[in-house]
Amino acid sequence: MAAVEAEVGKVNILLVDDQPARLLSYRTILEELDQNLVCAHSGAEALSCLMHTEFALILLDVSMPGMDGFETAAMIHEHPRFESTPIIFVTGVHDTEFDRLKGYKLGAVDYVSIPVVPEILRGKVSVLIELHCKRRDLERANHSLADANRALAEANAALAEANANLEIEKARELEVLNENLQVSNRELAQSNQALQAQVAERNRAERALKDADRRKDEFLAILAHELRNPLAALSASARLLGMQPQKPEFAAMASSSIQRQVTHMARLLDDLLDVSR
């Protein structure tokens, strides 16, 4: 038997009875509930329907030839898929307290006596439909919650991985920054050493310049003193020439002295020019 697809918002209800007239009466009573009604004429046909379709509840006749309602209910609830499917027994014969107890043990949730009162049947079926819908909505909510939890777990895992990658990237960037900083520090230390060497060289140059300037001043002082001696000799020779112009020997002596002093002054002037250069 092909699977029976319920319309959106509707549930499947399995009606099981070997008498077509009673099946028709069940359908007529339950049509007001606007659900998907599926009929089966025997217990075997009911089991075949269950293997292909999910049902919210089963309305099951107890007195059927061959496999009766009790046997059908026992086989239904032995299957793990259908052990929680509610069954309403319909009976006009097996209606004793013993029969009811037997039905409840086999998984029945309620009993309906024949003749069926439409309002009572619709009321009991409506309650089971509402319970089924609530259970289905709860299962969907649980599935949605499970999906949300999985998505949250995946998001947390992705976030943790992103944080780990970020920490690794930060550590790598910090390591590169530290390396660059160490290189900069080394370059700065080298620059400081070079600057200190330049400062030391400048200090040495300044000291050398001051020393040279001091020696120059000392030289100029000595040179000035040395220049005074030839000038004094020249002055004396000039006076001698003025005092004894008639004696050639005095003139020759004075001239020779002047020549020597001039030569000496020329050497001193040459030294002064060397110092100036």
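Modeller: Two strands count as paired if DSSP finds at least two bridges between them, and helices (H or I, at least four residues) and strands (E, at least two) are DSSP runs, numbered from the N terminus. This is a predicted model, where local features need pLDDT of at least 70, side-chain atom pairs count only at pLDDT 80 or more, and totals for chains, interfaces and linings use all residues. Residues are numbered from 1 along each chain as its sequence is written, and side-chain values use heavy atoms, with hydrogens and water left out.

Let's look at S3. S1 and S3 run parallel, joined by 4 bridges, and Leu14 sits opposite Ile58 in S3. S3 also pairs with strand S4 (residues 87-91), again parallel and over 4 bridges; here Leu59 faces Ile88 in S4. To get from S3 to S4 the chain passes through H3, and this β-α-β crossover is right-handed (with the strands pointing away from the viewer, the path from the first strand over the helix to the second runs clockwise).

How many of the residues of S3 are buried? 5 of its 5 are, buried being under 20% relative accessible area, exposed over 50% and partly exposed in between (1.4 Å probe, protein chains only). Leu57, Leu59 and Asp61 point one way from S3, while Ile58 and Leu60 point the other way.

S3 (57-61) is also part of what covers the buried residues of helix H2, along with S1 (12-16), S2 (36-40) and H3 (69-78), among others; contact here means heavy atoms within 4.5 Å. Those buried residues of H2 (43-52) are Gly43, Ala46, Leu47, Cys49 and Leu50. They lie on the same side of H2 because they cover an arc of only 160 degrees around the axis, taken from the directions from the helix axis to the C-beta atoms.
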